[in-house]
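Please open the model in a viewer and keep the selection panel at hand.

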Amino acid sequence: MRAIPPTLQANYLAHLKEKMVPLTTHLFYLKWLRYYLDFCEKYHFLPPQGTSLAHFLRKLQEKRQSPGQPQQARHAISLY
């Protein structure tokens with residue numbers, strides 16, 4: 001899994017602060033963003049392409065994530 005480019009990560013973290021996302025969740029949001037970007041690369045989506053989020057969330061359901069995780073992932077990606 002590739003790392004989030006430093007500039008993108010810095011901009012994303014600044015945006016999370018701006019949107020008053022609690023600091024305690026920033027690492028989780030970065031994790032979801034990294035997973036999403038990997039997903040888009042693997043399945044040939046252009047982030048943030050309109051259909052990519054729905055496909056990503058469907059993939060999370062297949063992996064049997066806990067109920068709160070897809071909600072957090074959706075929010076994290078929507079802020080991207």
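Begin by selecting H26 in this predicted model, together with L13, L16, K17 and V21, the residues that H26 touches when those up to four places away in sequence are left aside. H26 belongs to helix α2. Is H26 buried or exposed? With a relative accessible area of 7%, H26 falls under the 20% limit for a buried residue.

Next, select helix α4, residues 68-78, and highlight P70, A73, A76 and I77, which are the buried residues of this helix. These residues lie on the same side of α4, because the arc that they cover around the axis is only 125 degrees.

Finally, turn to the largest pocket, which has a volume of about 250 Å³. To display its lining, select M1, W32, Y35, D38, F39, K42, Y43, F56, K59, L60, K63 and Q65. Colouring by element shows that α2 (26-42) and α3 (52-62) are the elements that give two or more residues to this lining. The largest share comes from α2, with five residues.

How values were computed
Residues are numbered from 1 along each chain as its sequence is written. This is a predicted model: local features need pLDDT of at least 70, side-chain atom pairs count only at pLDDT 80 or more; totals for chains, interfaces and linings use all residues. Side-chain values use heavy atoms; hydrogens and water are left out. On a 1 Å grid over the protein atoms alone, a cavity is a set of points where a 1.4 Å probe fits but cannot get out, and a pocket is an open set with protein on both sides within 12 Å along at least five of seven lines; lining residues have an atom within 4 Å of a point. Grid points are joined across faces, edges and corners, and a volume is the space filled by probe spheres set on the points. Helices (H or I, at least four residues) and strands (E, at least two) are DSSP runs, numbered from the N terminus. Buried means under 20% relative accessible area, exposed over 50%, partly exposed in between (1.4 Å probe, protein chains only). The arc is that of the directions from the helix axis to the C-beta atoms. Contact means heavy atoms within 4.5 Å.
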